[in-house]
Amino acid sequence: MRDLLDDIDTWRSEGVGVAIARVVDLEGSGPREPGAAMAVNERGEVAGSVSGGCVEGAVVTEALEVLRTGERKVVSFGYSDDEAFAVGLTCGGTIHLYLEPLDW
Amino acid sequence: MSGGIYDRLAAAVRAERPVALATVVSGPGTGGKLLVAPDEEPLGTLGNPDLDRVVARDALGELAAGTTGIRHYGERGEAREATVAVFIESFAPPPRMFVFGAVDFTAALVKVAKVLGYRVTVCDAREVFATRTRFPEADEVVVDWPHRLLDRVGPTLTPRDVICVLTHDAKFDVPALSAALRTEAGYIGAMGSRRTHADRTRRLREAGVDQAGLDRIRSPIGLDIGARTPEETAVSICAEIIADRNGRTDVRPLRTTEGPIHGPAGPALTGR
C-alpha cells in the first residue's frame, strides 16, 4: 500500500475513480504476502502488484468491474493444471484478493 | 462507508507512524472499516460497537507484532464464531538498521538496506568520515561513539531491527558490540577478517561477554558467497539478515534443497 500512495493521490486529484485490490489470504506457495496491494483507476492504469505478474491482468478486469458496479468482493486465484490458458499462479498456491472502490 | 479514513491512513503511513486498518471482507457490513493507532481513538466502524472494540484490541496486537491477516468473529465480536471476516493490515514503521563505521562498505550497505526498506542510521565517532555527503542515501548520519548512540536508542530497538558493526577496530567494536547485545535487535553482525574476528572474540570475552552473547553476533558478518567488493559484501550481509529472519541457518542453493521457497508469512521486512 505504501508504494501506491503517490499514484492514488494523483488519480484522486484528477477526479478519477480508483479501486484497490489487496491480498488478504494465501494458501500454499505464493509470491506476495497478505497486504500486497494493487490500485487500478477507471482508465485502466495500474500501480503496485499482487503476485509475480501471474494474475495482474485478471485483477485489472475485476477492478474495472468493481468500479462500474461499486460492489466489493473477494476473488481467488489458484493453480489450474488442466486449463493451460486459465489465469492462475504458476507457483501452485492460491491467493484470495479483496477488491473495493476507494470511497472511504 | 466512513469518509476520511484513507487520508488519515495515508498521512500516518507517510509519517511512518504505526497504524492498522481493519476491513470487513465478508459477512454483514462488508467494506466497513476501522483505523486503529496506539493511544488514539479508532476512526470508522465495522458496523457494530462491540465488534469495533474487539477488533481494535486485536488490531493493536497485530500492529505490535507487525503482522497482517484475516480474523473471524461473530457479528458482535464473539470469539469462536465466523460470521464476519476482518482483514487486519498492519502498517508498522520500517525496521531500522544501524551501521557503525563510516567506511566504503558502509555506503554500499546503506544502498542495499534502503532497497530492502530499512530506515538506516550511519554512526561513526570520526567527524571527517561521518558526513551526509558520503552517505546521501542514509536517513541519518550521527557523529558519536557507537556505544553512546546505542545507550540512547538501544531500549527502543525491536527484533525487527539490525545492527551492523563495520569499524573492525577493536576500540570501537568492543564497546559497540557490548552495547548492541544489551538491545533486542534481531540481528547483530560484525565485519572483519578471520584474524580480526578471533582477536575481537577474545577482547569481547575479556569485556565480560558470555558465550550466548558471542553466539548472537554474526561474525565475520555475511554469507559465504565469496564477496569481495563493498557492493558484493553488502549483498552478502543483507542476504544473511534475510536468512536469519526466516530461520534459514544452513543456506544453500534452492536447487539443492526441498520445501517451501518463501519464508513464513510474518512480520514483513519491507514496507509494502
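This is a predicted model: local features need pLDDT of at least 70, side-chain atom pairs count only at pLDDT 80 or more; totals for chains, interfaces and linings use all residues.

Modeller: Start with one term: a salt bridge is a side-chain nitrogen of Lys or Arg within 4 Å of a carboxyl oxygen of Asp or Glu. Here, B:Glu89 forms one with A:Arg22, and their closest N and O atoms are 2.9 Å apart. Residues are numbered from 1 along each chain as its sequence is written, chains are lettered from A and ligands numbered from 1 in the order in which they are written, and side-chain values use heavy atoms, with hydrogens and water left out.

Biologist: Which network of salt bridges includes B:Glu89?

Modeller: A:Arg22, A:Arg72, A:Glu100, A:Asp103, B:Lys33 and B:Glu89 are linked in it.

Biologist: How many salt bridges does the rule find across the interface of chain B and chain A?

Modeller: Five. Over all chains the count comes to 33.

Biologist: How do I read the size of an interface?

Modeller: Interface size is often given as the accessible area lost when the parts come together. Buried area is that loss, found with a 1.4 Å probe and summed over both parts. Chain B and chain A bury about 2400 Å² between them, with 59% of it on carbon and sulfur atoms. Chain B gives 32 residues and chain A gives 26.

Biologist: Which elements give two or more residues to the side of chain B that touches chain A?

Modeller: First, the rule: helices (H or I, at least four residues) and strands (E, at least two) are DSSP runs, numbered from the N terminus. The elements on that side are α1 (5-14), β1 (19-26) and β5 (84-91) of chain B. The largest share, seven residues, comes from α1(B).

Biologist: What about a pair within one chain?

Modeller: B:Asp199 and B:Arg202 form a salt bridge, with closest N and O atoms 2.7 Å apart. They are three residues apart in helix α6 (residues 194-206) of chain B, so about one helical turn separates them. Another pair is B:Arg126 with B:Asp124, at 2.9 Å, N to O. B:Asp124 is buried at 2%, while B:Arg126 is partly exposed at 32%.

Biologist: How do I read the backbone?

Modeller: Most residues other than glycine have a negative phi, and most peptide bonds are trans. B:Asp39 has a positive phi, near 60°. This residue sits in the loop between β2 (33-36) and β3 (43-45) of chain B, and B:Asp39 is exposed at 82%. B:His168 also has a positive phi, near 30°.

Biologist: Where is B:Pro220 found?

Modeller: Look in the loop between β11 (217-218) and α8 (230-245) of chain B. A cis peptide bond joins B:Ser219 and B:Pro220, with omega about -5°.

Key. Contact means heavy atoms within 4.5 Å. Buried area is the accessible area (1.4 Å probe) that two parts lose on being put together, summed over both. Buried means under 20% relative accessible area, exposed over 50%, partly exposed in between (1.4 Å probe, protein chains only).
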